[in-house]
Amino acid sequence: MLDQLEAIRERFDEVAQQIVQPEVVSDQKRFMKLSKEYKDLEKIVNQYTAYKQLLDEIDGARQIIATEKDEEFRELAKAELDDLLPRRETMEETLKEMLIPKDPNDSKNVILEIRGGTGGDEAAIFAGDLFRMYQRFCEKMGWRMSLVDYTEGTSGGYKEIVTEIEGEDVYGKLKFESGVHRVQRVPATETQGRIHTSAASVAVLPEAEEVDVELNMNDIRKDTFCSSGAGGQSVNTTYSAVRLTHIPTGLVVQCQDERSQLKNFDKALTVLRSRLYEIELQKHNEAIASQRKTMVGSGDRSDKIRTYNYPQSRVTDHRIGMTVYNLPAVMDGDIGEFIEQLRIAENAERLKEGATA
């Protein structure tokens, strides 16, 4: 572990020197890439520096115990050592976790897709509730969410809604949200007060860049149509909405949120690229899952991951068996505890894998 940490410190020093070079500063793409690497490495290097200082303190205390003749002084050193050794274990666990290879997609922005599933009108209403939950969470995280496309439900909510979320480590936080979310409650449309079970599916796609997916524009058919969403006087008067069809796969993506056809085209292209990237990512995840079944699952959107029970104000995540009784707060975007516990569970599995490899 110390060899790995020393190599990281050396790379950190290299990046620190490169990042101030004029040719790097003038190259925006390279500068941003190195800035991100610097920030990621800095966290590990700071922890490593504190760890080395702790090791020096432990060596100092042991030296006193071995050589000091003053009994009172030796007892003080023993007491200090008793305090330092548990801190060393804690620090080593933290460093081991920091050295786990990060998912390269964690730092990406995402395309978030929510679709009403079984349950008719109530499923669409629940899809709308989930959208607002993620909207609130994004606000708490300081992320930017923008609409791409949506189809409203007949009684409220959304049959389908697609959004783009931009910010720091968005995919790393939201990737555990992919799957089927189930709700148990008395629907607003129910006259006899019976509890219904409905569901909505959530898909979190890492936003693919041009280097991730090479698209041949000859494989894409572009259609334009009049926007049917909000947009003032331009609605239904200009062909600003864009529909893209990827002929080899049959994937269809549309965007009508922007007034500009060019902006809608760019957004639709981003979603299409991300969906194609997700297909390849899913194959990769399935290959890993065939070797071992992870506790947190593969992010398959057919997996039932969470149940929201309104009568008991209960939310249960089925992957880690975690239950909380603060449903109103969760629906108001307070999902950080679930995300953190899922991240811990995933890291524990990856540590276990490393130990048995």
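Select helix α1 and helix α3 to begin. L2, L5, E6, I8, R9, R11, F12, V15, A16 and Q18 of α1 are in contact (heavy atoms within 4.5 Å) with R30, L34, E37, Y38, L41, E42, I44, V45, Y48, Y51 and K52 of α3. Sorted by type, the residues of this contact are 13 nonpolar, one polar and seven charged. Here Ala, Val, Leu, Ile, Met, Phe, Trp, Tyr, Cys and Pro count as nonpolar, Asp, Glu, Lys and Arg as charged, and the others, Gly among them, as polar.

This is a predicted model, in which local features need pLDDT of at least 70 and side-chain atom pairs count only at pLDDT 80 or more, while totals for chains, interfaces and linings use all residues. Residues are numbered from 1 along each chain as its sequence is written, and side-chain values use heavy atoms, with hydrogens and water left out.

Keep both helices on screen and look at their axes. Two packed helices are described by the angle between their axes and the distance between the axes. α1 (residues 2-18) and α3 (residues 28-67) pack at about 135°, with axes 8 Å apart. That makes α1 oblique to α3; angles under 35 degrees count as roughly parallel, over 145 as roughly antiparallel, 65 to 115 as roughly perpendicular and the rest as oblique. Axes are lines fitted to C-alpha atoms, for helices over the stretch in contact, and angles run from 0 to 180 degrees between N-to-C directions. Helices (H or I, at least four residues) and strands (E, at least two) are DSSP runs, numbered from the N terminus.

Next, select β6, β7 and β8. These three strands form an open sheet in the order β6-β7-β8, with antiparallel pairing; two strands pair if DSSP finds at least two bridges between them. β6 (220-225) and β8 (251-255) are at the edges, each with a single partner strand, so one side of each has no neighbour in the sheet. From one strand to the next, the twist averages 20°. β6 pairs with β7 (residues 241-246) over six bridges, and F225 is opposite A241 in β7.

Stay in β7 and pick T245. T245 is buried (under 20% relative accessible area; exposed is over 50%, partly exposed in between, with a 1.4 Å probe and protein chains only), at 10%. Leaving out residues up to four places away in sequence, T245 touches D219, I220, R221, L251 and V252.

Finish with two loop residues. D169 lies between β3 (158-166) and α6 (170-174) and is buried, at 18% relative accessibility. S313 lies between β9 (304-309) and β10 (314-317). Most residues other than glycine have a negative phi. D169, not a glycine, has a positive phi of about 50°, and S313, not a glycine, has a positive phi of about 50°.
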